[in-house]
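User: I've got a model open and want to talk through its packing. Can you take me through it?

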Amino acid sequence: MSASPKQAISIVGFFITLAGAILFSTKAIIVKAAFGSTHTDAVTLLTLRMLFALPFYVVTAFVISRHKDNVRMKPREWVLAISLGFLGYYLSSLFDFVGLQYVSAGLERLILFLYPSFAVFINAYFFGQPISRIQKVALLLTYLGIAIAYFGELQLDTSNPHFLFGSFMVFLCAITYSIYIVGSGKIIPKIGAAKFTAYAMMAATFGVFSHFAYTGHFQTLITGKELWQFGLLLAVVATVLPTFMLSQGLKMIGSNNVAIISGVGPVSTILQAHFVLGEKIFAEQIFGTVLVVIGVLLIGWKRKPAELQPG
C-alpha cells in the first residue's frame, strides 16, 4: 500500500529536521578543526562565519520587507531585536568560540544544553511563570548529567591548565543565549521569527565586525586561505542551512517533533568529535549525555524549534 501524502510529508519533514539538527551540531567540530589546523583566534574565525552568513540574512530581511504581510517594527522592537542579536549571536558566539579553544567539542555541547534550564529560571524569576513538576525533574536530570560528564572529562584532561576557564566561557555562552531565547519569545509573536532572526543576525554581525576592527589580525584574514574555507563551512553548513531546515521542519512536522529530533545534537557532536577529531568517548560522558538529552527534551517539549539550537 502506498503512503498517503500526509505520511510522505511527515517522513520528509523528519529527515529534513534530523539533517538540520546534525548540521547544527557540526559547529563545534568545524571550530575545533579550524583552531587545530590554522592556529587562528576566536574573533577572526567568528568574523568569517558572520561575513559569509550575512548575505543570506540580508536577502531574507529584504524579501520580508517587500512582502505585503510585512509588520513594521516599532522603535522599542528595533531596540529589542538589536540588543538581543548583539547578546545572543555576538557575545554568546564569542564566549562559545573562546571556550572551544580549551574544552572538547563533546563537553562544549553538553554545557551549552544548560540554556533551556536557564530560560526556565529566567521566566520563573522575572515573569512569574511557575516551574512544573516535570520541569523540576528535567532540571535535576540535566544538571546531574552535566556533573557526571564534566567530572569524568576533568579526570581525563588534568593536564589542561585552561580547562576551567574554557568551561566557564561556554557556561557564559549558555547564559547569554538563554536570555536571547527568553527575549525572542517576547518579540517573535509580534514581528515573526524570520524577520527577527534576520535583523538580530545583522546586529550581531555589526558587533563582530567592530570587535575585529579593534582587535583583529587583518594579515591573518587576508592570507589565510584555509581559514576562509573553515569560515565558509561554519556559515553555510553549521549556520544558514540548518536554520532554514529546522524552520521547514517546524512547518512540516510541528514543534513537538522538532524538539524531540533536535535532542540528537549532543550525541551527534560527541560521535563526530570522536571520529573526526579523535576525542575519547568514556562511560561518564555517555551516561551524562543520556541524562542531559532526556532533561532537555522534557524542558523543551513545548518549546519552539528555533529555541533548541544555540548559535
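User: At what angle do H3 and H8 pack?
Analyst: Helix H3 (residues 75–99) and helix H8 (residues 193–215) pack at about 55°, with axes 7 Å apart. That makes H3 oblique to H8, as angles under 35 degrees count as roughly parallel, over 145 as roughly antiparallel, 65 to 115 as roughly perpendicular and the rest as oblique. This is a predicted model: local features need pLDDT of at least 70, side-chain atom pairs count only at pLDDT 80 or more, and totals for chains, interfaces and linings use all residues. Residues are numbered from 1 along each chain as its sequence is written, and side-chain values use heavy atoms, without hydrogens and water.

User: Is the crossing of H3 and H8 left-handed or right-handed?
Analyst: Right-handed.

User: Which residues meet there?
Analyst: Among them are Trp78, Phe86 and Tyr90 in H3, and Phe196, Met201 and His211 in H8. Contact means heavy atoms within 4.5 Å. The contact residues divide into 15 nonpolar, three polar and no charged.

User: What does Val31 touch?
Analyst: Leu45, Phe97, Leu100 and Leu234, not counting residues up to four places away in sequence.

User: And Thr60, buried or exposed?
Analyst: Thr60 is buried, with a relative accessible area of 15%; buried means under 20%, exposed over 50%, partly exposed in between (1.4 Å probe, protein chains only). Thr60 lies in helix H2 (residues 42–66).

Definitions and conventions. Axes fitted to C-alpha atoms, helices over the stretch in contact; angles between N-to-C directions. Helix = DSSP H or I, 4+ residues; strand = E, 2+ residues; numbered from the N terminus. Left-handed = near helix turned anticlockwise from the far one by under 90°. Nonpolar A, V, L, I, M, F, W, Y, C, P; charged D, E, K, R; others polar.
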